[in-house]
Amino acid sequence: MYGFLPLEQYYRFSSRHQLGVLLLVQLQYCLPGVVSDPTDGDPDNYIAYYRRATVFLAMGKSKAALPDLTKVIELKMDFTAARLQRGHLLLKQGKLDEAEDDFKKVLKSNPSENEEKEAQSQLLKCDEMQRLHSQALEAFESADYTAAITFLDKILEVCVWDAELRELRAECFMREGEPRKAISDLKAASKLKNDNTEAFYKISTLYYQLGDHELSLSEVRECLKLDQEHKRCFAHYKQVKKLNKLIESAEELIRDGRYTDATSKYESVMKTEPSIVEYTVRSKERICHCFSKDEKPVEAIRICSEVLQMEPDNVNALKDRAEAYLIEEMYDEAIQDYETAQEHNENDQQIREGLEKAQRLLKQSQRRDYYKILGVKRNAKKQEIIKAYRKLAMQWHPDNFQNEEEKKKAEKKFIDIAAAKEVLSDPEMRKKFDDGEDPLDAESQQGGGGNPFHRSWNSWQGFNPFSSGGPFRFKFHFN
């Protein structure tokens, strides 16, 4: 009444939870040792072994089921159901000769019609796998890795648990320049074969060559967990650990705003691994970022351009070079970089804001540019601004000119100089200007009100600082 269902019936359950509940209920009525030790009380009870194997198979624990199926066959040679199931497992493991032997013996053991049909079908499959295996090895030895991969793909659809075949296909992928596919096969092989230190070592080295030092470090540690004295893994571990420490230190310096020190660290990274292009590119990308954030636009543009020669679609380098272009007032170039970056990452808010700013600054540059008026850079300190203002104000003070036409020209120039000093020496007004808004331009304001700084200097209401009439008398003061 409470016996186990046939194996195929377990697969109709939609979840592991449902299956687990069924198994728990049934196990209550099994022999006491079905899950722990079937030999308790009756070491020759092949039914107990078979039931436990059935439970393991239903739970997806095929490796655990195999010894029990073997024990069943040892106790009862003509138990065709157990032999057929073992043949399936051996075929999945790629043990073709052993699987073939089981299927042949099923046919010699008076099987049921369904068992006979299944055994014959699996024998044909074994023959096909043997043929494909020979073709795969021949292609590999002939260095025809593409053909070898094609054959191995077909075999691994059937022999899904064959670690050696996965390692062979991984080797083909490596020689074909597809390291990530190789990693996928090697990861599977590391789980299929116990203590597979070689697989962990290869995975680690592949990640290292791809520039993923963190995953490389993680995988080589798995190798050393299995064998602390593994020479190649230990040597590789020291190498990865050194590089990882340099990169972590550099990133911490960037977070602290110590860009010069971070640049030095990334230069050390390139010296540590000059032969791996990925580390050179990533290091230059971060150095580009440091120069941009440290407001060293010339250096940033140079190094960012080197990165973009190697990786034209590198969004980080495009963003950092665009910021450097803005500092250099090269607005068309900045817009072009932001637009290219946006094509590859249209949801990046930083790119969108940078592009809008570059477009505003370009439009603004076509009007009055207070930085150009004073002849200072956009990253100029307040002291530089005041110094430039004083020098130019003395040079263009209207009292220095006698000719009426020259005097009028000087008046206009002097007003622009004073306006530039007014805006750039005031943090709030300077921020507005840097964001693309002229705080003294009536057209860029909404409802300027009575504050004269909401109007253009050339359109102040009837106020002429050089006029002798009216309530105002202009007096020049050097601040």
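## Exercises on bonds, charges and rings

The disulfide between cysteine 288 and cysteine 304 is right-handed, because the torsion about its S-S bond is about 80 degrees. The structure is a predicted model, in which local features need pLDDT of at least 70 and side-chain atom pairs count only at pLDDT 80 or more, while totals for chains, interfaces and linings use all residues. Residues are numbered from 1 along each chain as its sequence is written, and side-chain values use heavy atoms, with hydrogens and water left out.

### Exercise 1: the whole protein

State how many helices and strands the protein has, and what share of its residues is buried.

Step 1. The protein has 22 helices and zero strands, where helices (H or I, at least four residues) and strands (E, at least two) are DSSP runs numbered from the N terminus.

Step 2. Of the 479 residues, 45% are buried; buried means under 20% relative accessible area, exposed means over 50%, and partly exposed lies in between (1.4 Å probe, protein chains only).

Step 3. Among contacts (heavy atoms within 4.5 Å) with a separation of 6 or more, 49% are made by residues 24 or more positions apart.

### Exercise 2: the disulfides

Find how many disulfides the structure holds, and work out how the bonded cysteines are paired in sequence order.

Step 1. A disulfide is counted when two cysteine sulfur atoms lie within 2.5 Å, and a search of the whole structure gives two of them.

Step 2. Cysteine 223 is joined to cysteine 233 with an S to S distance of 2.0 Å, and with 95 degrees about the S-S bond this link is right-handed. It connects distant parts of the chain, ten residues apart, with cysteine 223 in helix H11 (residues 213–226) and cysteine 233 in helix H12 (residues 231–255). Both cysteine 223 and cysteine 233 are buried.

Step 3. Cysteine 288 is joined to cysteine 304 at 1.9 Å from S to S. Cysteine 288 counts as buried at 0% relative accessibility, and cysteine 304 is buried with a relative accessible area of 0% as well.

Step 4. When the bonded cysteines are numbered in sequence order, the pairing is therefore written 1-2, 3-4.

### Exercise 3: the salt bridges

Count the salt bridges, and locate the partners glutamate 167 and lysine 193 in the chain.

Step 1. A salt bridge needs a side-chain nitrogen of Lys or Arg within 4 Å of a carboxyl oxygen of Asp or Glu, and by this rule the count is 31.

Step 2. Glutamate 167 lies in helix H8 (residues 163–175) and lysine 193 in the loop between helix H9 (179–192) and helix H10 (197–209), so the pair ties together parts 26 residues apart in sequence. Glutamate 167 counts as buried at 19% relative accessibility, whereas lysine 193 is partly exposed at 27%.

Step 3. Lysine 202 and glutamate 171 also meet in a salt bridge, at 3.8 Å from N to O. This pair links helix H10, which holds lysine 202, with helix H8, which holds glutamate 171, across 31 residues.

Step 4. Salt bridges also link Asp153, Arg166, Arg169 and Asp185 in a network.

### Exercise 4: the aromatic rings

Count the aromatic pairs, and describe the arrangement of tyrosine 50 and phenylalanine 79.

Step 1. Rings of Phe, Tyr and Trp (its six-membered ring) pair if their centres lie within 6.5 Å, and planes under 30 degrees apart count as stacked, over 60 as edge-to-face and the rest as tilted. A search of the whole structure finds seven aromatic pairs.

Step 2. Tyrosine 50 and phenylalanine 79 form a tilted pair, with 4.9 Å from centre to centre and 40 degrees between the planes. Tyrosine 50 lies in helix H2 (residues 46–58) and phenylalanine 79 in the loop between helix H3 (62–75) and helix H4 (80–92), 29 residues apart.

Step 3. Ring pairs join Tyr46, Tyr50 and Phe79 into a cluster.
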